Amino acid sequence: MKTTALATLSGKTLIIDTDEGLISLAGADNIDFLTVNESTGNVIKEIKEALDLVEKNIAKYDNICLDTLTALSKMYIDIFLSQTKDGRQAYGQLNTALYPILRRLERFARQNGKNVIVTAQAEVTVDQEEKETIAPSIDGKTFLQKVVMPRFDGILALEVDALGKRKFITKPSGKWFAGIRDARGVLQAREEADFKLLFSKLKG
């Protein structure tokens, strides 16, 4: 569902696929793909080369997407845990490795004026008071709060209602972990799951 939402982006889109979940977008003439997964060999090397290629061809695209940060973080943590028995050290290495990736993606937005979308799978967690939270699933939870959130303009959640209608959740809502910078207050708490419409509202 999160992947098909990328089809609503207008203009030319480049997706770095780490999840092999792009079958629903096959054949779209405005979307190009770069695949990075465990089958390519050296994931760390491959993601760097993919970002280098994006930077070299940045002028061709309106939208740059990483799909998904969940899959990428899992591949990375598997590598680091295979190298050390110290879990804390491995997660420290994960944070160190993911940070420059997100910084480069951020620069594509800030310096090159591109729309940058990073997807993640949703995960339900329950705290000691039995309160449920649905948030992006990323290995290394503090990384989400300290690194991911400050780098980007917001975190959207994708909800499907009882009638099958998809909505973006743009503000903290019940158990949903979400929120997007909306200085002019133009967004409703739930918006149609269409990036073209969403960006049009935000940009006025």
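Predicted model: local features only at pLDDT ≥ 70, side-chain atom pairs only at ≥ 80, totals over all residues.

I looked up Arg 104 to begin with, and Arg 104 is buried at a relative accessible area of 13%, where buried means under 20% relative accessible area, exposed means over 50% and partly exposed lies in between, with a 1.4 Å probe and protein chains only.

Residues are numbered from 1 along each chain as its sequence is written, and side-chain values use heavy atoms, with hydrogens and water left out.

How many salt bridges does a search of the whole structure find? I recorded 13 salt bridges, each being a side-chain nitrogen of Lys or Arg within 4 Å of a carboxyl oxygen of Asp or Glu. The background is that side chains of opposite charge can pair when their charged atoms come close.

I then went back to Arg 104, whose side chain meets that of Glu 55 in a salt bridge with an N to O distance of 2.6 Å. Glu 55 belongs to helix H2 (residues 43-56) and Arg 104 to helix H4 (residues 87-110), so this pair ties together parts that are 49 residues apart in sequence; helices are DSSP runs of H or I with at least four residues, strands are runs of E with at least two, and both are numbered from the N terminus. Whereas Arg 104 is buried, Glu 55 is partly exposed, with a relative accessible area of 44%.

Asp 153 and Arg 181 form a salt bridge whose closest N and O atoms are 2.9 Å apart. Arg 181 sits in the loop between strand S10 (179-180) and S11, and Asp 153 in the loop between helix H5 (141-151) and strand S7 (154-155), which places them 28 residues apart. For Asp 153 I noted a relative accessible area of 38%, which is partly exposed.

Lys 171 and Asp 182 meet through their side chains in a salt bridge of 3.8 Å, N to O. Since Lys 171 is in the loop between S9 and S10 and Asp 182 in the loop between S10 and S11, the pair ties together parts 11 residues apart in sequence. Lys 171 is partly exposed at 29% relative accessibility, and Asp 182 is buried at 16%. I also found that salt bridges with shared partners join Arg 103, Glu 106, Arg 110, Asp 153 and Arg 181 into one network.

Three strands form an open sheet in the order S8-S9-S11, with antiparallel pairing, and two strands count as paired if DSSP finds at least two bridges between them. Strand S8 (157-160) and strand S11 (190-192) stand at the edges with a single partner strand each, so one side of each is left without a neighbour in the sheet. Three bridges pair strand S9 (residues 166-169) with S11, and the bridge partner of Lys 167 in S11 is Glu 192.

Which residues of S1 are covered on each face? Thr 13, Ile 15 and Asp 17 on one side, and Leu 14 and Ile 16 on the other, are all buried. S1 pairs in the parallel sense with strand S2 (residues 31-35) over five bridges, and Asp 17 has Thr 35 as its bridge partner in S2. Five bridges also join S1 to strand S3 (residues 63-67), running parallel, with Thr 13 opposite Asn 63.
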